[in-house]
Amino acid sequence: MKKRRLLSLVMAASMVGSLAACGGSNTTSATAATTAAQTQGETTTAAEASKEQTTAASGGETVLKWAMWDKDLTAYYKPLVEGFEEKNPDIKIELVDLGSSDYQTVLGTQLTGSGSDFDVVAIKDVPGYTTLVNKGVLEPLDDYIAKDGIDLDAFKGLTDQITVDGKLYELPFRSDFWVLYYNKDVFDAANVAYPSNDMTFEQYDELARSLTVDIPGQEVYGAHYHTWRSAVQLFGILDGKNTILDGTYDFLKPYYDMVLAEQEDGVCQDYATLKTSNLHYSGAFSQGNVAMMNMGTWFIATMIDKIKTGEYTDCANWGIAKYPHAEGVEPGSTLATITALSIPTNAPHKDEAWEFIKFVCGEEGAEILASTGSIPAVMNDDIAAMISSMDGFPQDETSKEALQTANLYLEMPVSNKSSEIETALNEAHDNIMTGNSTVEEGIADMNEKVSAILAQ
């Protein structure tokens with residue numbers, strides 16, 4: 001099937017709504033899904049949906065069961081299925097919604113039970129992926145990838161970071177990554193040039209300082225950092241030399257020094273105040289007195305939607321730029337979160353399941369995702385152009401080029417100790433940013449606690 005015909009199926013799909021983000025998470029609640037279904041008067045259980053779709057498939061067609069979440073709230077499921085089924089008329093896809101809030105727990109229970117017959121499963125996060133791999137319930141994809149000559153370079157390093165003992169058990173289809181949002185009106189008022197797509201951290205810090213206004217009642221903040229540790233700590237992994245699982249964290253010192261100095265000089269808002277007030281990053285940026293803010297691409301849909309509805313009026317003239325980088329690091333190196341697909345070891349139709357995964361995670365699926373406003377894991381010039389042509393996306397060249405990344409680094413790589421490490425890093429981050437410990441003391445605390453966790 002030609003691309004033009006495939007795209008005609010999906011371009012009418014509405015742009016995906018903003019998905020709630022926490023440290024890069026892109027999920028919505030099961031309660032919201034239930035409410036949406038009830039509003040339409042058609043609350044349907046997973047079992048009922050399964051029965052209906054299985055009955056609809058006839059004439060010897062193969063039915064693949066796809067475990068996922070938020071079926072009625074996610075714009076890309078339907079066009080992905082329609083695109084695949086048109087290309088593969090002998091295969092039908094049955095969506096089985098396991099809910100959002102406890103998805104990975106429910107999926108793990110289903111796959112370790114004796115009655116599971118899923119052919120394809122969506123993987124929500126890296127810790128959940130690691131758990132399923134350790135339980136031995138996911139099929140290695142390496143033979144399929146080799147057979148079809150899949151070019152893993154298209155994933156810009158992501159697949160290397162989710163390889164376990166030399167094997168790959170999932171393939172990403174969505175990938176949100178971090179960019180620099182900026183308010184053009186703030187720059188224009190200060191007569192300062194907009195951010196470029198090739199800024200070192202030193203240049204970024206100088207730019208933020210040049211935009212800062214500390215007059216009481218007229219404050220302008222050159223930069224804003226949300227209270228997630230990732231907003232500061234993960235600057236340090238963009239050179240590809242370190243990861244957040246290393247057990248030694250001295251490489252974080254320059255970035256903590258920079259942000260704390262900005263905080264002391266009023267360049268950014270005080271961390272303790274942000275924590276106490278529980279100010280969301282969207283609320284901070286929408287006030288119109290923040291020049292630049294590092295945040296994930298999931299915020300693009302929110303910006304477009306809130307500006308269209310008139311809720312955001314003080315940041316309507318906005319743009320994005322590539323993440324700042326350390327000296328010598330390739331521009332476009334940034335942080336990423338992924339959503340992926342896997343085949344369970346007990347899948348009834350593994351070959352057909354691979355055909356579906358290959359479609360969704362490849363360029364055809366990426367074009368469908370882009371047409372709904374979502375960021376696919378595979379990005380080329382054509383796909384980036386589709387996203388940047390959405391109504392409401394900034395039309396300057398810098399913003400368009402910011403969608404092209406170089407190296408993508410996972411916020412939390414694969415590890416069966418990621419939850420414990422996350423806790424230790426969060427505690428140290430909070431102590432450093434609130435002044436309860438010095439940068440040196442906080443880093444020493446990270447080194448000690450994470451090294452002990454890794455040694456267990």
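The following conversation goes through a predicted model of one protein chain.

User: To start, how many helices and strands does the protein chain have?

Analyst: This is a predicted model. The protein chain has 21 helices and 10 strands.

User: And what share of the residues is buried?

Analyst: Of the 456 residues in the protein chain, 55% are buried. The accessible surface of the chain is about 18800 Å², and carbon and sulfur atoms account for 47% of that surface.

User: Let us look at one helix. Which residues of H5 are buried?

Analyst: Helix H5 covers residues 103-112, and its buried residues are Tyr103, Gln104, Leu107, Gly108 and Leu111. These residues lie on the same side of H5, because they cover an arc of only 125° around the axis.

User: Which exposed residues are on the face turned away from that side?

Analyst: That face of H5 carries Thr105 and Thr109, which are exposed.

User: And what do the buried residues of H5 pack against?

Analyst: They pack against three elements: strand S1 (62-68), strand S3 (120-123) and helix H6 (126-134).

User: Now a strand. Which way do the residues of S8 point?

Analyst: Strand S8 consists of residues 318-321. Trp318 and Ile320 point one way, while Gly319 and Ala321 point the other way, and all of them are buried.

User: In what sense do S6 and S8 pair?

Analyst: Strand S6 (residues 171-183) pairs with S8 in the antiparallel sense, over four bridges. One of the residues involved is tyrosine 181, whose bridge partner in S8 is isoleucine 320.

User: Changing topic: how many aromatic pairs does the structure hold?

Analyst: The structure holds 26 aromatic pairs. One of them is formed by phenylalanine 187 and tyrosine 194: the ring centres are 5.9 Å apart and the planes stand at 85°, so this pair is edge-to-face.

User: Is phenylalanine 187 buried or exposed?

Analyst: Phenylalanine 187 counts as buried, because its relative accessibility is 0%. Tyrosine 194, by contrast, is partly exposed, with a relative accessible area of 35%.

User: What can you say about tyrosine 225 and phenylalanine 235?

Analyst: Tyrosine 225 and phenylalanine 235 also form an edge-to-face aromatic pair, with 6.4 Å from centre to centre and 85° between the planes. The pair links distant parts of the chain, as the two residues are 10 residues apart. Tyrosine 225 lies in the loop between helix H10 (201-211) and helix H11 (230-233), whereas phenylalanine 235 lies in the loop between H11 and helix H12 (253-264).

User: Are those two buried or exposed?

Analyst: Tyrosine 225 counts as buried because its relative accessibility is 6%. Phenylalanine 235 counts as buried as well, at 2% relative accessibility.

User: Which residue lies over the face of tryptophan 69?

Analyst: Lysine 124 lies over that face of tryptophan 69, at 5.2 Å from the ring centre.

User: One last topic, the backbone. What is the phi of lysine 156?

Analyst: Lysine 156 has a positive phi of about 55°, although it is not a glycine. Lysine 156 is in the loop between helix H7 (142-148) and helix H8 (158-161).

User: And what about aspartate 165?

Analyst: Aspartate 165, which is not a glycine either, has a positive phi of about 50°. Aspartate 165 is found in the loop between strand S4 (163-164) and strand S5 (167-168). At 78% relative accessibility, aspartate 165 counts as exposed.

Definitions and conventions
Residues are numbered from 1 along each chain as its sequence is written. This is a predicted model: local features need pLDDT of at least 70, side-chain atom pairs count only at pLDDT 80 or more; totals for chains, interfaces and linings use all residues. Side-chain values use heavy atoms; hydrogens and water are left out. Buried means under 20% relative accessible area, exposed over 50%, partly exposed in between (1.4 Å probe, protein chains only). The arc is that of the directions from the helix axis to the C-beta atoms. Contact means heavy atoms within 4.5 Å. Rings of Phe, Tyr and Trp (its six-membered ring) pair if their centres lie within 6.5 Å; planes under 30 degrees apart count as stacked, over 60 as edge-to-face and the rest as tilted. A charge sits over a ring if NZ of Lys or CZ of Arg is within 6 Å of the ring centre and within 35 degrees of the ring normal. Accessible areas come from the Shrake-Rupley method with a 1.4 Å probe; for residues, only the protein chains shown count as cover. Two strands pair if DSSP finds at least two bridges between them.
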